[in-house]
Amino acid sequence: MSDKSTPFISIYIPTKNRFTLLQRAVQSCLAQSYQSFEIIVVDDGSAPEVQLQLQQFAQQTPKMKLLCNAVSVGAGAARNQAIAIAKGEFITGLDDDDEFTAERLQEFVQNWTDADSFLSTGYQFYTGPGQMLRSARKAMTITADDLLMVNLVGNQVFTKTRYLRDIGGFDPQLVACQDYDVWIRLTQSFGAGRRLANFSYIVHQEHELERISNPERRLTGHQQLIDKHRLLWTASQLRSQQFYRQLQSGQPLSFALVPLALWRNLKVLLKVALVQWYQKKRFFSR
């Protein structure tokens with residue numbers, strides 16, 4: 001089904017009751033310049049009328065496979081269902097409210113080496129009309145020690161399907177941070193990954209529908225992640241995790257964060273402070 005020049009890729013997309021957003025996600029896959037792929041959509045317990053829409057959409061989309069759960073099993077378990085049936089030599093994921101730029105798969109295939117445990121990219125964040133932020137600009141090697149300090153990947157990677165199966169896929173016991181947990185285990189098992197210097201993943205934050213991971217669940221999941229890997233963290237890595245945990249809490253910044261920041265995180269703290277100041281200024285200037 002694939003060869004060395006055009007390896008077959010599986011793209012997994014979990015979804016629930018967000019058919020319109022899912023259509024955009026799937027269309028961004030179909031628009032890829034690299035066309036040797038399949039799309040595996042796992043509907044995780046949508047309403048019957050939404051599942052009917054998905055079934056009709058799948059019939060009209062030859063590259064798309066559809067799995068439907070009558071009862072929700074959670075995003076991590078849904079991803080594992082897709083991983084189990086994936087036919088691709090390589091695999092990558094997409095959230096149902098996000099999208100790929102047209103060159104994403106091509107750039108992954110062109111840059112992959114057998115020394116990589118995964119490839120990742122930077123992100124474009126759309127927060128409203130005409131409002132776009134970019135993050136993770138620099139190409140870099142990402143080691144297991146780097147990931148224990150901070151999640152330098154984000155929420156998606158490109159890797160070998162066999163690698164995800166060998167580590168057991170996503171851990172459904174974690175209520176959030178399931179992706180971060182996978183990146184840690186990938187580097188523990190298969191060595192360092194790499195971030196490419198592009199922004200081929202678009203994160204949409206302008207809509208009002210709940211994203212797959214909300215802040216409250218993310219804090220709980222992050223603590224579960226810390227507990228799960230409690231034997232791996234060094235003291236400085238654990239301080240860094242506590243720093244990012246405080247940032248994710250949604251609480252206003254305070255000087256109490258400075259001791260947790262370490263030198264490497266002071267720049268992050270300054271950026272967050274500037275963003276919060278800018279948002280407050282815009283709110284009160286209306």
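Strands here are DSSP runs of at least two residues and helices (H or I) of at least four, numbered from the N terminus. The model is predicted: local features need pLDDT of at least 70, side-chain atom pairs count only at pLDDT 80 or more, and totals for chains, interfaces and linings use all residues. Residues are numbered from 1 along each chain as its sequence is written, and side-chain values use heavy atoms, leaving out hydrogens and water.

Two strands pair if DSSP finds at least two bridges between them. E4 runs parallel to strand E1 (residues 9–15), with four bridges, and Ile-9 stands opposite Phe-90. With strand E10 (residues 158–160), E4 runs antiparallel through three bridges; there, Thr-159 is the bridge partner of Ile-91.

Ile-9 also takes part in the largest nonpolar core, where Ile-9, Ile-11, Ile-13 and Leu-186 touch the most other members among 61 residues. Such a core is a set of buried Ala, Val, Leu, Ile, Met, Phe, Trp, Tyr and Cys residues joined through side-chain atoms within 4.5 Å.

Asp-98 counts as buried because its relative accessibility is 0%. Its side chain makes a polar contact of 3.0 Å with that of Tyr-201; this term denotes a pair of N or O atoms within 3.5 Å, where within protein one must be able to donate a hydrogen and the other to accept it, and residues adjacent in sequence count only if both atoms are side-chain atoms.

Key
Buried means under 20% relative accessible area, exposed over 50%, partly exposed in between (1.4 Å probe, protein chains only).
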